[in-house]
Amino acid sequence: MNYGFVRVATAIPGVKVGDCKYNAPQIESLIIQAEGKGVEIICFPELSITAYSCGDLFSQQLLLDEAEMCLIGILDFTRSLDIISIIGLPISYHGTLLNCAAVIQKGKILGLVPKTYLPNYKEFYEQRWFTSGDVHGDCNVLICGQLVHLSRNIIFNTPSCCFGVEICEDVWAPIPPSSELALKGAEIIFNLSADNEGVGKQDYLKSLLAQQSARCLAGYVFSGAGFGESTQDLVFAGKGFIYENGTLLAESERFSFKEQLIYTEIDVECLRSERLINTTFSASLARIHSKDVQQIDTELFSKKEIELSRVINPSPFVPTGKALEERCEEVFAIQIEGLAKRLVHTQTQTVVIGISGGLDSTLALLVCTKTFDKLGLPRKGIIGITMPGFGTTDRTYHNAISLMESLEITIREISINQACIQHFKDIDFDMSNHNTTYENGQARERTQILMDVANQMNGLVVGTGDLSEQALGWATYNGDHMSMYGVNASIPKTLVRHLVNWVAENIIDEKSQAILLDIVDTPISPELIPADEDGNISQKTEDLVGPYELHDFFLYYVLRFGFRPSKIFYLAGLAFKEKYTDEVIKMWLTTFFRRFFSQQFKRSCLPDGPKVGSCSLSPRGDWRMPSDASATAWIDECNNLME
C-alpha cells in the first residue's frame, strides 16, 4: 500500500528556442526517467515543446505544425507507459492561438487546458500572440488526429488522485483558476510556467505558491522554464517546486545549466482529511458561480509500490534550527498571556503550583514567574510547594528547592508521607502493595494540598500536566489531572524539554540555568514508587508506557490528520528506522490506541488551558470523543500489522 502518497514530478528540460525536434527528445528523456522512478504525474514548463521565448515566431505556421508533429511523436513514445505527462505547446483554434497544457497518457491526449490570464504588462506581451482560454469556453479541438476536450474547467481523475492544471500567470490572479478547481475536487494543481528571474522575485513566488497550496488545501506542482530559453531581455532559471498544503517538499536547483527532474510524494489522504475537517473549505463551495467542471478519467494503470523519497520527521511537534527557537519563544509567550488573562480576570495575585523537580512543573513555574514579571506582580505571590513522598529522590528534591530559591518565589515544603500512611490505614490498604491505589493515593493527596492552600491563600492552582500525558491518560483522575488553569495543556512532552532548555539558554540567570539543565537531563518519572537501593529513580515513565517520542509521533497523526494505525505504523517505520524495530513500534502503537480510547473520560473534564499549536485535546476545542467509544477496530488493525 502507498497509504495515499502520490509520486509527482516537476521536470525542467534543456530547450532550444523554436527547435521542436530538439526539445521533444529532451521531454521524452525526462518522461522515461520519471516512469522508471515510479512517478505517476509529471509536469513540464509552459510552451516546453517550442520554448516560451519564441516571440513573433508564434505567428509562423511552420512552428505550429512542428509543435503538433512533435506532440504526435511524444504520444507515440508514451503509448506503452502508465505515466501521465503535462506538456506545454501552442494550439491554433478558430483563428486564435492558445497557450495550452496537453495532458497525455498512453498515446492519448486526455484534455487540453488553455491559459486564462495573459500578462501584457512590463516585459510581457502575451496578448500579442495568444488569446485567453475564456474566449472559447468549453469546446472540442481536433489535434494529432484526436478530438480533444479543451477547457480551463477540467478535473482529471486518476486511480489515486484528482488533479487540475493552470498556467503561469493564472496563479498570480486575484482568484486563480486553481481555487475553483480545488473547490470542485482537484487535490493537486500543476502549473506550467515560464517565470523569469528578478531580484527578490524568487521569495515572493515561493510565498505565493505556499499560500495558494495552503488556501486550496492542495498539492501544488510548479515547473518553470530554464536553461536554453532566450536571454535577449529576460533570464529563466528553471524554477521547480512541489508544495503540500503550504509546506515546500522539494525544489529545483536555481540557475542550473542541466536538465532537472525533481520528484517527491504528495500525501493526498492527508489533504482529504484536512478538507473534511476544515468547514470553511466546504462552505466556500456555495460561493462558486463558475460552470461545472468537466471530469475526465485517466487510463487505469498498475499501481507501483514506492519507497518514499520525502523525509518523515520523527519529531513533528519539534522543528529544527532557528525555527525551534522561534517556536519556543512563541509558545512561551502564548502560555504567559493565557495565564495573565486568567489572573487579571479573577483579580488573583497568588498562584499555587506543585514543584517536583521534573520537566512539566518546571515549565509551568517558569511561565508563572514570567507572567508575574510582566504583570508587575511580586514573585512572592507564587507559592511553590514541594511535596516529597515515598518515591522522591534527592536529585529531584534538591532541584525543586534550588530552582524555587533561584527564582525567588515563596517556598513551602509539605511531606505527604504521614497523610498517605494515615489514609491507607483508614481504607485498610496494605502499603507493601505498590499498585494503582498506592500511586494514586499519593497523587490525590498532593492535589488536595494544592487546592486547600490555594483556598487558604485566595489563589488558584496552576496545572502542570502536558498534552502527551492527556493522550495516554498518564495522570490520576481528580489528582494531578485537575487544576484551576493548565498552562501546559496542549504542549507535547517532546516540546516541553526543548522549552525548558530554551528558557535556560535565553532568559534566565546563570544559577537557575545550571538547575534547569540538570532537570532537562533527569529521567521522566512520577516518583510514586520508592527509589532503588542507590537512591535513584526506579519508576521511569517511558519504561512503563513507552517512549514519548513515539507517542507524540502517533498523537500528531491521529489528531492532526486522523490517519489509521497501519499508515501511522508505516510512517513511524520510516521515521524511526534507525532506532526502533517494527516489533517495538507495533507494541507501543497498540499501547497508544488502547490507552487513548480507555482514558478519554479524563479528557472529557479537563480544566481550562491555552491551545498553543495545531493539536489540542480539550473537550472545548479540537477533540470531542465519547468516553465509552470502542477501540476494537483500531486495536484489531494494530494486531494485524506485519502480517
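**Exercise 1. Find which residue in β17 is the bridge partner of Ile-353, and describe the sheet around it.**

*Solution.* 
Step 1. The bridge partner of Ile-353 in β17 is Gly-384. Helices (H or I, at least four residues) and strands (E, at least two) are DSSP runs, numbered from the N terminus. This is a predicted model, in which local features need pLDDT of at least 70 and side-chain atom pairs count only at pLDDT 80 or more, while totals for chains, interfaces and linings use all residues. Residues are numbered from 1 along each chain as its sequence is written, and side-chain values use heavy atoms, with hydrogens and water left out.

Step 2. Now look at the two strands. Four bridges connect β16 (residues 351-354) with β17 (residues 382-386), and the pairing is parallel. Two strands pair if DSSP finds at least two bridges between them.

Step 3. Widen the view to the open sheet, whose five strands follow the order β18-β17-β16-β19-β20 with parallel pairing. At its edges stand β18 (410-413) and β20 (485-486), each pairing on one side only.

Step 4. Helix α8 (residues 359-375) lies across β16, β17 and β19 (460-463), at about 160° to β16. Helix α9 (residues 394-407) also packs on the sheet: α9 touches β17 and β18, and its direction makes about 165° with that of β17. Contact means heavy atoms within 4.5 Å. Axes are lines fitted to C-alpha atoms, for helices over the stretch in contact, and angles run from 0 to 180 degrees between N-to-C directions.

**Exercise 2. Work out the strand order of the seven-stranded sheet and explain why β13 and β15 each have a side without a neighbour.**

*Solution.* 
Step 1. The order of this open sheet is β13-β12-β11-β10-β9-β8-β15, and its pairing is mixed.

Step 2. β13 and β15 (294-297) are at the edges with a single partner strand each, so one side of each has no neighbour in the sheet. From one strand to the next, the twist averages 25°.

Step 3. Go inside the sheet. β10 (residues 188-193) and β11 (residues 219-224) run parallel and are joined by six bridges. Opposite Asn-191 stands Phe-222 in β11.

Step 4. Helix α4 (residues 201-215) lies across β11, β12 (240-244) and β13, running at about 30° to β12.

**Exercise 3. Describe the second largest pocket and its lining.**

*Solution.* 
Step 1. The volume of the second largest pocket is about 990 Å³. Of its 37 lining residues, Thr-247, Asn-313, Pro-316, Tyr-556 and Phe-561 are the closest to the centre. On a 1 Å grid over the protein atoms alone, a pocket is an open set of points with protein on both sides within 12 Å along at least five of seven lines, a cavity is a set where a 1.4 Å probe fits but cannot get out, and lining residues have an atom within 4 Å of a point. Grid points are joined across faces, edges and corners, and a volume is the space filled by probe spheres set on the points.

Step 2. Two or more lining residues come from each of β13 (247-251), α5 (268-277), α7 (322-346) and α16 (548-561). With five residues, α7 gives the most.

Step 3. Sort the lining by class: 23 residues are nonpolar, seven polar and seven charged. Here Ala, Val, Leu, Ile, Met, Phe, Trp, Tyr, Cys and Pro count as nonpolar, Asp, Glu, Lys and Arg as charged, and the others, Gly among them, as polar.
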